[in-house]
Amino acid sequence: MSEVNCIKLLRNQKSNSINSIAKTLGINWRTAKKYADHDDIPQETSVRRRGMMYEEKWGDIVSDWLIEDQKLHRKNRRTNKTIYEQLQVLGFTGSYRTVCLYIQDWKEGKIKEESTKDRGYERLQHPPGEAQVDFGTMEAVKDGKYIDIHGLSLSLPYSNAAFCVPLPGENQECFLYGLKTIFQQLGGVPKTIRIDNLKAAVIRPRGRNEEVQFTDDFLRFANYYGFEIQDCNPYSGHEKGHVENKVGYIRYNFATPSPVIESFEQLTKELNERLVEDRQRIHYEIQIRIEELFQEEQKYLYGLPANDYPIFKEKWVRANKYGEVTIDQNKVHIPKSYNFGQLRLVLYWDSFKVVSPNGELLYQDYRPYMQSKRNIPWESVLSSWLDKPRVVTYSRYKPYLPTRIFEYIRIENLELRKERIRWLIHCLARHDMNQINEKFYELVEEHSTTSQNHPYEVNWSMYDQLQHINKRGDLT
């Protein structure tokens with residue numbers, strides 16, 4: 001560009017001839033003439049596609065085929081090779097690569113843009129009183145073991161407020177019970193609730209020329225509370241992106257690390273309290289406290305019905321010859337169940353009952369998934385504590401240890417602390433952590449008699465009597 005400027009300067013300011021410019025700069029006369037007397041005007045780049053796919057009929061044929069195939073299931077669509085072979089039958093003389101490049105351009109929207117769908121997302125408007133609902137999974141620790149929590153989250157995009165009810169599953173009973181609990185926390189009912197294709201609410205998702213089909217129980221629930229159901233398109237999670245983000249926000253801010261819980265009801269209460277506190281934040285866009293927006297949005301909610309809505313599912317079942325009934329894919333023994341041809345099974349979100357045809361209550365208990373637990377990998381955790389014994393007092397696993405065991409291993413002497421950790425690892429080969437806690441005095445006494453270098457003689461039963469017992473039954 002500097003040489004071009006020099007040519008322009010010599011021509012316009014110095015009034016040199018073309019010959020003089022060419023001689024002075026040592027360039028070709030045609031080059032000097034080109035840049036001296038012609039203006040360099042910027043022009044927009046225009047792509048003109050050439051080749052038989054664009055200049056002949058072949059491109060239109062392939063485009064029509066691709067549009068047809070979009071309406072079919074993916075496995076029924078033509079492959080690039082099939083399209084090429086069918087073009088050859090029609091007299092196409094080009095190469096397979098030419099066809100592939102054209103198909104790639106077509107799918108990227110570079111060809112016939114007026115006939116292809118806009119792939120951009122539309123920014124949705126969220127009026128007050130509109131809600132979105134979705135499940136999210138998290139972990140908690142109950143009775144010294146991991147349990148899976150299915151958190152039903154409801155978000156209000158207008159105010160950015162959120163609610164979450166922890167549940168043991170994602171079946172219909174849990175889903176409806178969770179919504180009912182959220183309505184009570186909310187103090188009203190949203191005008192519309194947007195959901196994706198949850199199995200608890202949807203029998204068949206929206207398909208080609210077909211609308212979504214909801215379960216009768218969910219429609220009855222919606223009619224009772226008066227809210228309108230908005231369903232999302234299949235594989236379109238962005239249509240309820242607000243609650244998708246809230247699910248992650250709740251998990252990472254209120255359930256990481258895994259909280260220690262006594263019951264689902266207790267965790268529900270704690271989550272609600274923390275989410276109420278969270279509404280004191282400033283809205284990310286409007287710069288107003290979320291609580292103020294939430295109070296305004298409550299004016300647009302429907303009132304709660306006067307009568308309570310019972311959440312349960314009834315079905316008739318048969319017992320096998322061993323007197324077992326299948327509940328949640330688990331065989332449960334029901335006394336006297338084989339005496340009857342049919343039994344009435346009533347399922348609640350957390351429990352069940354089995355009733356005979358004449359109304360006699362045969363059995364009731366918690367649902368099997370309420371007992372589903374996973375062991376904490378204590379051997380691995382304790383092995384890592386052996387390498388870094390100081391981490392015991394601030395490890396994320398510290399709250400999961402029974403209090404008396406934690407007090408036993410947090411002794412200031414690091415060598416003794418490592419010895420006691422080794423003893424715990426040895427005990428885990430025969431017992432789980434809860435059993436060690438229950439048999440603590442017996443096991444410690446056994447360890448004290450076999451250990452030759454124990455520096456202290458401690459009566460641990462007397463030590464426990466000096467401590468407070470919390471609601472979990474642990475010592476504090």
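Okay, so the protein chain here has 18 helices and 14 strands, taken as DSSP runs numbered from the N terminus, with helices being H or I of at least four residues and strands E of at least two. Keep in mind this is a predicted model, where local features need pLDDT of at least 70, side-chain atom pairs count only at pLDDT 80 or more, and totals for chains, interfaces and linings use all residues. Residues are numbered from 1 along each chain as its sequence is written, and side-chain values use heavy atoms, with hydrogens and water left out.

Of the 476 residues in the protein chain, 42% count as buried, meaning under 20% relative accessible area with a 1.4 Å probe, protein chains only.

Now the sheet. Four strands make an open sheet in the order S8-S11-S12-S13, paired antiparallel; two strands pair if DSSP finds at least two bridges between them. At the edges sit S8 (313–317) and S13 (361–366), each pairing on one side only. S12, residues 351–355, is joined to S13 by five bridges, and Val354 has Tyr363 in S13 as its bridge partner.

Next, Lys240. You'll find Lys240 in the loop between strand S7 (228–231) and helix H10 (241–254). So is Lys240 buried or exposed? Lys240 counts as buried, because its relative accessibility is 1%. Its side chain makes a polar contact with the side chain of Asp134, at 3.0 Å; that term is for N or O atoms within 3.5 Å, where within protein one must be able to donate a hydrogen and the other to accept it, and residues adjacent in sequence count only if both atoms are side-chain atoms. Beyond neighbours within four places in sequence, Lys240 is in contact (heavy atoms within 4.5 Å) with residues including Arg194, Asp196 and Cys232.

Technical notes
Buried < 20%, exposed > 50% of the residue type's maximum accessible area, 1.4 Å probe, protein only.
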